[in-house]
Amino acid sequence: MENKQTFFDFAAEVGLTKHPGGVGATEELIELCHIGEGKCVLDVGCGAGVTPCFIAKRYGCRVVGVDISEGMVERSRERAKREGLADADNEHPGVEFRVADAQDLPFEDDLFDAVITESVTAFPEDKQRAVNEYVRVTKPGGYVGLNESIWLKVPPPPEVVAWASQDVGANVKPLTSGDWVGLLEGAGLREITVRTYEINTQNEAKEIFRRYGCVGMLGIWGRMLSLYARSPAYRRFVKEVREGGITPENLDEYYGYGVYVGRK
Ligand SMILES: C[S@@+](CC[C@H](N)C(=O)[O-])C[C@H]1O[C@@H](n2cnc3c(N)ncnc32)[C@H](O)[C@@H]1O
């Protein structure tokens, strides 16, 4: 049973999820997707729920977060409660969370003003089907925005592949920027905006702190220590991460992320 635990099971237990570029990249998606007061937004693969709560609080939106992991949805609901955002209705912006697969969203057509995903669409088996789903549930004229890891140059050397694997979860292989644009075009999106960046590990670490704050980080470290003490599977996972964790000097040449936004 323990051996079947994955990267995301541990992330859900610890309550820490991330995407490249952190809050800065989220703000970029928000701007490019024209997210503002009164809009209805879907965050697919919401992880620990940080982005939905941030958007609801800062921009006065109603935000629905979905994630394939029950553990993540639990963490998200806890966060919403802590932040006083749990009771959303038509008059009070807030958040709600559901378990759902990006490839099969449980919503009617043309529902959301914007659908965003941050470091999620690299994971489903059928990425085109996932992007088609984002477009299906977006209102005509609305926006779909993705933030995903990419290879800036191919083929990446083995040490860069090893580092990227431990960074995003061992079962994902980043695509090139052109691959992502192809998925958006394949789903019928227009007016596509693309912005690509190198990964800067120092900036990534800073953005994690900015996203969770000091108190949030103390809670995360406490849960990490507790999990380390009681779970041999987590200890093995940490050992593997440490072994793959030495940052290759040529990382920024090959590994990056892109923000991709299109209009329905
Ligand atoms: C790298 S985390 C990013 C989480 C969040 N977007 C963030 O920025 O903190 C990836 C998330 O995608 C979720 N996920 C993976 N495959 C999925 C799928 N097919 N449908 C929905 N969520 C998925 C995982 O459970 C995890 O919470």
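1. Phenylalanine 209 is partly exposed, at a relative accessible area of 38% (buried means under 20%, exposed over 50%, partly exposed in between, with a 1.4 Å probe and protein chains only). Its place is in helix H8, residues 201–230 (helices are DSSP runs of H or I with at least four residues, strands runs of E with at least two, numbered from the N terminus). Together with Leu218 and Trp221, Phe209 makes up a nonpolar surface patch with about 310 Å² of accessible area. Patch members have over 30% relative accessible area and no salt bridge; like charges are joined within 9 Å and nonpolar side chains (Val, Leu, Ile, Met, Phe, Trp, Tyr) within 5 Å.

2. A word on the basis: this is a predicted model, where local features need pLDDT of at least 70 and side-chain atom pairs count only at pLDDT 80 or more, while totals for chains, interfaces and linings use all residues. Residues are numbered from 1 along each chain as its sequence is written, and side-chain values use heavy atoms, leaving out hydrogens and water.

3. Do have a look at the second largest pocket, which holds about 270 Å³ of space. (A pocket is an open set of points on a 1 Å grid over the protein atoms alone, where a 1.4 Å probe fits, with protein on both sides within 12 Å along at least five of seven lines; lining residues have an atom within 4 Å of a point.) Helix H4 (70–82) and H8 are the elements that give two or more residues to its lining, and H8 provides the largest share, nine residues. Of the 15 lining residues, Arg79, Arg82, Tyr212, Gly216 and Arg223 lie nearest the centre.

4. Arginine 79 turns up again in a salt bridge with glutamate 83, with the closest N and O atoms 3.2 Å apart (a salt bridge is a side-chain nitrogen of Lys or Arg within 4 Å of a carboxyl oxygen of Asp or Glu). Arginine 79 is buried at 12% relative accessible area, whereas glutamate 83 is partly exposed at 25%.

5. The whole structure has 16 salt bridges. One of them pairs lysine 264 with aspartate 110 at 2.7 Å between the closest N and O atoms. This pair links distant parts of the chain, 154 residues apart: the segment after strand E8 (255–263) and the loop between strands E3 (95–99) and E4 (112–118).

6. Glutamate 253 and lysine 153 also form a salt bridge, at 2.6 Å from N to O. Glutamate 253 is in helix H10 (residues 251–254) and lysine 153 in the loop between strand E5 (138–151) and helix H6 (158–168), so the pair ties together parts 100 residues apart in sequence.

How values were computed. Areas by Shrake-Rupley, 256 points an atom, 1.4 Å probe, with all protein chains shown as cover. Points joined across faces, edges and corners; volume = space filled by probe spheres on them.
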